[in-house]
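Dear colleague,

Please find the structure below, followed by notes on what turned up in it.

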Amino acid sequence: MSKIGVIGGSGLYGIKGLVLKSRKKINTPFGNPSEQYLMGEMENVDIIFLPRHGKHHNIPPHMINYRANIWGFKKLGVERILSVNAVGGIRKGLRPGDIVIMNQILDMTKNRKTTFYDGKEGVVHIDFTEPYCPELHQILLKAGKRVKVPVKNGGTYVAVEGPRLETASEIKSFAILGGDVVGMTGMPEASLSRELEICYSSICVVANYAAGISKNKLTVAEVMDTMQAATEKLKILLRETFTLIPEQRKCACKDALKEAKI
Ligand code: HPA
């Protein structure tokens, strides 16, 4: 069975119930990943876990070595990544604690290394019309139904540079552009995964109302408390998802580099 990668975000530095087998430090041509990879097993499926902010949450979003993290997964034989992201909720009706399986992205990041292909290995333009794996998307929806963890079907992730939170006007403009949630880590993880033909799906946990939506001041404590409260739900959702993922991929992600090179 192929291996499944899980990237933990704020508040998720491990998966409860994961039977840990080993830890692996990986070196990559792009530098060091955020942390050692935790190699484990759950429901007889090989799982590789990485906390993107480091296990002690010491790496801010704009300093994460996204290329090293995704390259490391590829090196370890991972074909699919489930990413957990804390986000601010923009769309009306989204509330802290809600889980959304994303299907679109608006990338507002500015200063990140966004590709593995800087020209040496040819010029590559991957198709990113559908930025998340549609197969994993359907499996996550099905898993949520089966274990009665409510998940919302689809939404647009606005990726911002951070580390500061947004202004109220920024959030208003993101809403006009069609943004549903806002976060600091969803890009370039998604596109880097596509460049390595890894399926990638984002499970977003609404940690707070985005700036200006609630009258309250945004605090890190609120984000962490909401994420903490969601860990049990996430574990149940992930466990069921692992059991539903088939051995063979049918999606286009696995062939992303075909017809993408000049
Ligand atoms: N904005 C950006 N990133 C976030 C937020 C937010 O409101 N909450 C959690 N991550």
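**Notes on the model**

Serine 2 counts as buried, because its relative accessibility is 10%, under the 20% limit. The model is a predicted one. Serine 2 sits in the segment before β1 (3-8). Leaving aside residues up to four places away in sequence, serine 2 touches Asp46, Glu79, Arg80 and Glu247.

Aromatic pairs come next. The count is five.

Then the backbone. Most residues other than glycine have a negative phi, and most peptide bonds are trans, so the following may be worth a look.

- Glycine 162 and proline 163 are joined by a cis peptide bond, with omega about 0 degrees; proline 163 is in the loop between β9 (156-159) and α3 (168-176).
- Methionine 187 and proline 188 are joined by a cis peptide bond, with omega about 10 degrees; proline 188 is in the loop between β10 (181-183) and α4 (189-195).
- Lysine 148, not a glycine, has a positive phi of about 60 degrees. Lysine 148 lies in the loop between α2 (134-147) and β8 (152-153) and is exposed at 72% relative accessibility.
- Glutamate 197, not a glycine, has a positive phi of about 60 degrees. Glutamate 197 lies in the loop between α4 and β11 (199-209) and is buried, with a relative accessible area of 18%.

Regards

Note on methods. Residues numbered from 1 in each chain as written. Predicted model: local features only at pLDDT ≥ 70, side-chain atom pairs only at ≥ 80, totals over all residues. Heavy atoms only, no water. Helix = DSSP H or I, 4+ residues; strand = E, 2+ residues; numbered from the N terminus. Buried < 20%, exposed > 50% of the residue type's maximum accessible area, 1.4 Å probe, protein only. Contact = heavy atoms within 4.5 Å. Phe/Tyr/Trp six-rings, centres within 6.5 Å; stacked < 30°, edge-to-face > 60°.
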